[in-house]
Amino acid sequence: MDQNTLNNAVEAGRASAQEYAGLHYHRLLEAVDGHPRGSVVLPGGRVLPGYPSIARIQSLEAGLHRQFVAPFRAEEKIDGFNVRILREGDAVYAFSRGGFVCPFATDRVPDFVDTTIFEAEPDLILCAEIAGPDTPYLEGSSAQVERDVELFVFDMMRRDRPGFLPHAEREALERAHRLPHAQRHGRFSPQDVDALRELVLKLDARSVEGLVLKEEDGDRRAKYVTGRSCINDIRVCGNQLLDLPPEYFTHRLMRLAIFLTEHARTGDPEIERELGRAFLEGVGDAVQSGRETGHVGHPYRCRFRARANAERFIQHMRATGGRHVRIDPASPQPETGEHAGYWRVDLERRFDRMTGTLASALRGDSQFD
């Protein structure tokens, strides 16, 4: 991107200057010069493309025929957070979807990726999902990760070039550099509805979030989630019932209903119990927390290889999280045992509306419905 275009975008409030550990860059708050929101302009005007949103299909059979003509690949969807990883100068950085350098992901990338890949492929961008119970951004955890966090490469791009690397080139780079990736389930066509339905039900039984369907020789993408992933979302966010928009819950109920009717699971007593339990557990946890602590929130724990990155993360959360985020004053503190050598940060996100409403109810205030 040329300097005049960037300057005009900054003056118009469409781009924002950022700094991280000596790296000066700009993130796009809106689309600029054909580059989507979330793109990053690096020193010298080189562009890290924004990762596009992937549309969801609600009905598997109808969606396949409407969204795909050519063959596509199916891979497991990972319930985590999206980063784009590249080398700039002598350092490797992980950028969030919004265009910030993520201190947590940047710190942990070397645990999962041999960063010498960027010596052989200096223009390469790895698009990856980081998932697990010890992330600082997500209430729930992926069924594919039982402890700490893991990284899964799911796409690759090149700087200053639109689109993704072809499937064959991506697989070759993954093999050559032993990159971790989401589990793949093969090649399908829009006519392979029965085979995909069987696969989806197996993933649902494992509580996997769903599938991402990727056109084999193009950039078309679609995602399809399982019924139990909808129930799990309700479970882990039930204690935010009043703080999240109502559509968060109604959309998941709609997806679940469509899933059950399409896969002949309507009236399944086990699923009905799971759904009821998901709502009651989340709200029940909020009530219990309100009684015991006087507030409702969600605790997070994350680990860093370097104390400096932990401190940068704390500064970032204080700058962006506002009064809703409380950092444990002891953080960062050195880990012991199996995680010795890491620095741990503990924090909590508070849910103000649930806290206030429950405080009023539990102290005996009268309320009008």
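Predicted model: local features only at pLDDT ≥ 70, side-chain atom pairs only at ≥ 80, totals over all residues.
## Two domains side by side

The C-alpha centres of domain 2 and domain 3 lie 26 Å apart. The chain is divided into domain 1 (1-48), domain 2 (49-225), domain 3 (228-293) and domain 4 (297-350), with bounds that come from an automatic or database domain assignment.

Residues are numbered from 1 along each chain as its sequence is written, and side-chain values use heavy atoms, leaving out hydrogens and water.

## Where domain 2 meets domain 3

How many residues of domain 2 are in contact with domain 3? There are 18, and they meet 13 residues of domain 3; contact means heavy atoms within 4.5 Å. Together the two domains bury about 1300 Å², 49% of it on carbon and sulfur atoms. Buried area is the accessible area (1.4 Å probe) that two parts lose on being put together, summed over both. On the domain 2 side, Gln-58, Glu-139 and Asp-204 lose the most area to domain 3, together 36% of what that side buries.

Two salt bridges are counted between these domains. A salt bridge is a side-chain nitrogen of Lys or Arg within 4 Å of a carboxyl oxygen of Asp or Glu. Asp-204 forms one with Arg-228, and their closest N and O atoms are 2.8 Å apart. Helix α6 (193-205) is one of the elements that give two or more residues to this side of domain 2, and α6 gives the most, with five residues. Helices (H or I, at least four residues) and strands (E, at least two) are DSSP runs, numbered from the N terminus.

## Glu-129, a buried charge

Now let's visit strand β8 (residues 124-131), the place of Glu-129. Glu-129 is buried yet has no salt bridge; Lys-77, the nearest side chain of opposite charge, is 5.7 Å away. Buried means under 20% relative accessible area, exposed over 50%, and partly exposed in between (1.4 Å probe, protein chains only). Lys and Arg count as positive and Asp and Glu as negative, with His and the chain ends not counted.

A polar atom of the Glu-129 side chain lies 3.4 Å from the backbone nitrogen of Phe-81. Leaving aside residues up to four places away in sequence, Glu-129 touches several others, including Ile-78, Phe-81, Glu-150 and Phe-154.

## Ser-360 in helix α11

Why does Ser-360 count as buried? Because its relative accessibility is 14%. Ser-360 is found in helix α11 (residues 352-362). Not counting residues up to four places away in sequence, Ser-360 touches Asp-365 and Gln-367.

Note on methods: Polar contact = N/O pair within 3.5 Å; in protein donor to acceptor, adjacent residues only side chain to side chain.
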